[in-house]
Amino acid sequence: MEFNCGFIEDNRWFRYRAAAIIVEDGCVLFAGNEKDDYFYSIGGAVHMGETAEDAVRREVFEETGIHYEIDHLAVIHENFFKDNMGIQKDMDCHEIALYFVMKSRGTKELKSNSFTQGVRENMYWLPIAELSKYRAFPSFMKEYLQSEHAGVEHIVTDERIKEGYKYPLREEAERLLKEAESCNPGPWGNHSRTAAHCAETIAAKSGMNPEKAYVLGLLHDIGRKFGKRHLGHVSDGYSYMMTLGYDDVARICLTHSFNEKDISKYVGNFDTTEEETALIEEGLKAIELDDYDRLIQLCDSIAGAEGVMDQIERMTDVKIRYGAYDQEKWDTNITLREYFEDLMGEDLYVAVDKDNYKPE
Ligand SMILES: [Fe+2]
């Protein structure tokens, strides 16, 4: 039995890995399986006593059925993450990987017949130009493949969640929003920035955590990354954030559109599959709305792409765009404004500097 260079002890997971970057005809090869809802790089643990070069050739052959030749060592990757599924669930993961660029064969044909964790592993050629549309790890691959490189690069990725918090740090949240906007550009990006600004300011004056409020406001519409959908952006955002282990954000993706916790009151098209609708309904049922849910609902109702809007004006604008606005939802938004004004002891528009704030 070969011995993998790695260990699992308590909740610590370490692995020394060799991985391959295989590019053919504008596409890069990733692996996937029916257990995990994301793609991952071709490669695996280096065996004890094995060189990284031998390991990558062996792994590539095991996964693709093809003897690829190595072109050069491209990236040394230090990867810190915390997974929320599979064998690494809730573990502190630390991985060192050497990425080798393999020589192109001029064909995408493979003879793959590989299995992982008892399920079949499939090979996917993902178009490099569209890589950010996929949940594919490592996340550096998209940028790396779209620029020129000389020599070996050292990349560090830190996707650990701050202890006890199920939301990303501020900088990571900003990066996620930028990446999402590049997939689906539109005014929703700056709308999100305005919501984040309002959430942060109101939270600071209401005895809540301003950092958390900012991140939740910034990512509440992150589901729009996956295209122009109405109700679909709710389930897309929820699933995406759950994959990254950001449960607190996933929750906001669900609750921000439903201050009544009632899916039938959604303002917009019902463009979800049966499965997605069930996901939203069941998720909402299980949640008892808290002040963060209420805060982002309020901020969503005053956040414009150009800055903070008058609540009535913004709701009227939405009503005109979609043809209707549920009266109860409308009234609840006004109640939310009063609720937070009470907590702050200050007028909402003064608190968020409505006349001067501009998103950037
Ligand atoms: Fe929004």
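Two residues are taken to be in contact if their C-beta atoms, placed from the backbone, lie within 7 Å. Helices (H or I, at least four residues) and strands (E, at least two) are DSSP runs, numbered from the N terminus.

## Basis of the description

This is a predicted model, in which local features need pLDDT of at least 70 and side-chain atom pairs count only at pLDDT 80 or more, while totals for chains, interfaces and linings use all residues. Residues are numbered from 1 along each chain as its sequence is written.

## Two domains

The protein chain is divided into domain 1, which covers 6-161, and domain 2, which covers 170-351; these bounds come from an automatic or database domain assignment. The C-alpha centres of the two domains lie 35 Å apart, and the contact between them takes 9 residues from domain 1 and 6 residues from domain 2. On the side of domain 1 that touches domain 2 there are 2 nonpolar, 2 polar and 5 charged residues, where Ala, Val, Leu, Ile, Met, Phe, Trp, Tyr, Cys and Pro count as nonpolar, Asp, Glu, Lys and Arg as charged, and the others, Gly among them, as polar.

## Nonpolar cores

A nonpolar core is a set of buried Ala, Val, Leu, Ile, Met, Phe, Trp, Tyr and Cys residues joined through C-beta atoms within 7 Å. A residue is buried if 20 or more other C-beta atoms lie within 10 Å of its own, exposed if 12 or fewer, and partly exposed in between, with C-beta atoms placed from the backbone.

The largest nonpolar core has 45 residues, and the members that touch the most others are A199, L216, M241, V249 and L295. Two or more residues are given to this core by each of α3 (170-183), α4 (188-205), α5 (210-219), α6 (232-243), α7 (247-255), α9 (291-300) and α11 (327-344). A second, separate core consists of 29 residues, including A19, I22, V56 and Y68. Returning to M241, its contacts beyond the neighbours within four places in sequence are I222, Y246, V249, A250 and C253.

## Helix α7 and its surroundings

Helix α7 is mostly covered, since 7 of its 9 residues are buried, namely V249, A250, R251, I252, C253, L254 and T255. These buried residues of α7 pack against α5, α6, α8 (274-286) and α9.

## Two helix pairs

The axes of α3 and α5 come within 10 Å and cross at roughly 5 degrees; axes here are lines fitted to C-alpha atoms, for helices over the stretch in contact, and angles run from 0 to 180 degrees between N-to-C directions. The two helices, α3 and α5, are therefore roughly parallel to each other, given that angles under 35 degrees count as roughly parallel, over 145 as roughly antiparallel, 65 to 115 as roughly perpendicular and the rest as oblique. In this pair, R170, A173, E174, L176 and L177 of α3 meet E211, Y214, V215, L218 and L219 of α5, and by class the contact has 7 nonpolar, no polar and 3 charged residues.

Helices α6 and α8 pack at an angle of about 75 degrees, with their axes 9 Å apart, and α6 and α8 are therefore roughly perpendicular to each other. Their contact is made by G232, V234, S235 and Y238 on the α6 side and by E276, L279, I280 and G283 on the α8 side, which divide into 4 nonpolar, 3 polar and 1 charged.

Strand β1 (residues 6-9) contains E9, which counts as exposed because 8 C-beta neighbours lie inside 10 Å. D10 is in the loop between β1 and β2 (12-21) and has a positive phi of about 50 degrees although it is not a glycine; with 7 C-beta neighbours inside 10 Å, D10 counts as exposed. A positive phi, near 50 degrees, also belongs to D25, a residue other than glycine, which is found in the loop between β3 (23-24) and β4 and is exposed, with 11 other C-beta atoms within 10 Å.

G32 has its place in strand β4 (residues 27-33) and counts as partly exposed, because 19 C-beta neighbours lie inside 10 Å. Not counting residues up to four places away in sequence, G32 touches F39, N122 and Y124.
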